[in-house]
Amino acid sequence: MTAMALTANDALKRPVYPPRAAVISWIFFDWAAQPYFTLITTFVFAPYFANFVAPDPARGQALWGFAAAAAGFTIALLSPVLGAIADASGRRKPWIAGFGALLVIGASAMWIGKPGDPSLIAPLLVAYAIASVGVEFATVFNNAMMPTLVPPERIGRLSGTGWATGYVGGIVSLILVLGFLAANPETGRTLFGLAPLFGLDPVTHQGDRITGPLTGIWFMIFVLPMFLLTPDYPAKRPVRAALRAGLSELKQTLGELPKQQSMATFLLANMIYTDGLVSLFAFGGIYAAGTFGWHTIQIGTFGIILAIAGTLGALLGGRLDDALGPKRVIAASMMVLLLAVIAILLVDKDSIFFIKVAPPVPGGALFAGASERAYLVLGCLIGGAGGPLQAAARSLLIRLAPKDRITQYFGLFALTGKVTSFIGPLLIGAVTAYTASQKAGMAVLVVFFVTGMALLMRVKEESSHRQR
């Protein structure tokens, strides 16, 4: 009887995971949110702002960087606090809904960004900062739902599948924009040779500006399955009580952090290599535009190819994460990124690794130059390594963090990913300005990946806090 009673009790304590539909619905959050990063921050709207809204590309890049730094500072400051409150209150979905609304409002407002109108610069930057805060905070709370969806041994695959699904969403949204909405102002035709849908005017760059409202509508539609089908934590206490309890627990967590050497070291490593990765993605298109003279369609096509590589990399990385552990996946990804960055510095318009090649012909076929194709290959390596790196990082955090304070630690995770996010762009900008060389500016990324890898080697994957 005693043995049977113990077995029954153990069964009661064993976590019950939701059905497959709930897990798939949670994955769709990544699909819903990714167009913001693909369309707005990387391949379409940010280059459009720098080249056509701002007085000149250099000042546009600087202004965009200042807005990103302001948003990053806000995220860094509030992520741990909001995470602690969410852990104390129990529920995640209300937070995702609230911050998702900020994403939709900020992104939709970007439609107003007509070219050559300086009075719109400040409102656009405010809209960008609001949308950035919204999407990053919504992601913090969405990530914190992962441990309740699958057993610990499947976290890596879930994280990798989520990242891969997000990349596919980014690819689809980018194809939609380049193929049907954004046209070359000179020809009036999209990448598919079509006139833009809805009568969008190429001269006033309505195809570029529509990416803001499209991002908002896309998020509202595709985040719905998560709200409808994925279970939330039950409510623990009212908001005021959760605020007091959350701040108290956060204070305790920060006090304990120096004693958790692996967690503290991992968060520091994440701060450094994430800064390098974000800067690499942010400046990759700008670097290509300066080196090869690429415009929106070329940069966007480059983005599609990178996203496809990222999708495959994230899927493979998720399985390697479960098989080998997230630390090995992160280390291997950083090594690939480091080698790719070094190789990119050795590719120029008329040379590859110091070997002279014919430069691309202006107005020629897409990616016809040998140096352009070399840059594409290196970009695929970067895309293929970036997905597993980010997916395995959140998987490693879940292995290291105590389950009852998971959102707090995802808040700290977001903080370390944002608190120094201005340093990479600032260093690249400063070195580029001082040397008048884009290559010299990009070279600083080597330092970020080398330092991040050195710190990661000191992290032990298993945590004493981990509950089985």
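Modeller: Buried means under 20% relative accessible area, exposed means over 50%, and partly exposed is in between, using a 1.4 Å probe and protein chains only. Helices (H or I, at least four residues) and strands (E, at least two) are DSSP runs, numbered from the N terminus. This is a predicted model, in which local features need pLDDT of at least 70 and side-chain atom pairs count only at pLDDT 80 or more, while totals for chains, interfaces and linings use all residues. Residues are numbered from 1 along each chain as its sequence is written, and side-chain values use heavy atoms, with hydrogens and water left out.

Biologist: OK, how many residues of α7 are buried?

Modeller: In α7, 20 of the 27 residues are buried, so the helix is largely enclosed by the rest of the structure.

Biologist: And what are its end C-alpha atoms doing, how far apart are they?

Modeller: The end C-alpha atoms of helix α7 (residues 155-181) are 38 Å apart, which agrees with the 39 Å that its 27 residues should span at 1.5 Å a residue; the expected span is 1.5 Å times one less than the number of residues.

Biologist: Moving on to the loop between α7 and α8, is histidine 205 buried or exposed?

Modeller: Histidine 205 is buried, with a relative accessible area of 8%, and its phi is near 55°, a positive value in a residue other than glycine. Phenylalanine 198 is also found in the loop between α7 and α8 (206-209), where its phi is near 60°, again positive in a residue other than glycine, but phenylalanine 198 counts as exposed at 74% relative accessibility.

Biologist: What about glycine 106, which residues does it touch?

Modeller: Glycine 106, in helix α5 (residues 93-109), touches Ala127, Ile130 and Ala131, not counting residues up to four places away in sequence, where contact means heavy atoms within 4.5 Å. Glycine 106 counts as buried at 2% relative accessibility.

Biologist: And threonine 301, where is that?

Modeller: Threonine 301 is in helix α13 (residues 296-324) and is buried, with a relative accessible area of 11%. Leaving aside neighbours within four places in sequence, threonine 301 is in contact with Leu178, Leu191, Leu366 and Phe367.

Biologist: Last one, where does phenylalanine 354 lie?

Modeller: Phenylalanine 354 lies in the loop between β2 (351-352) and β3 (355-356), and it is exposed, with a relative accessible area of 74%.
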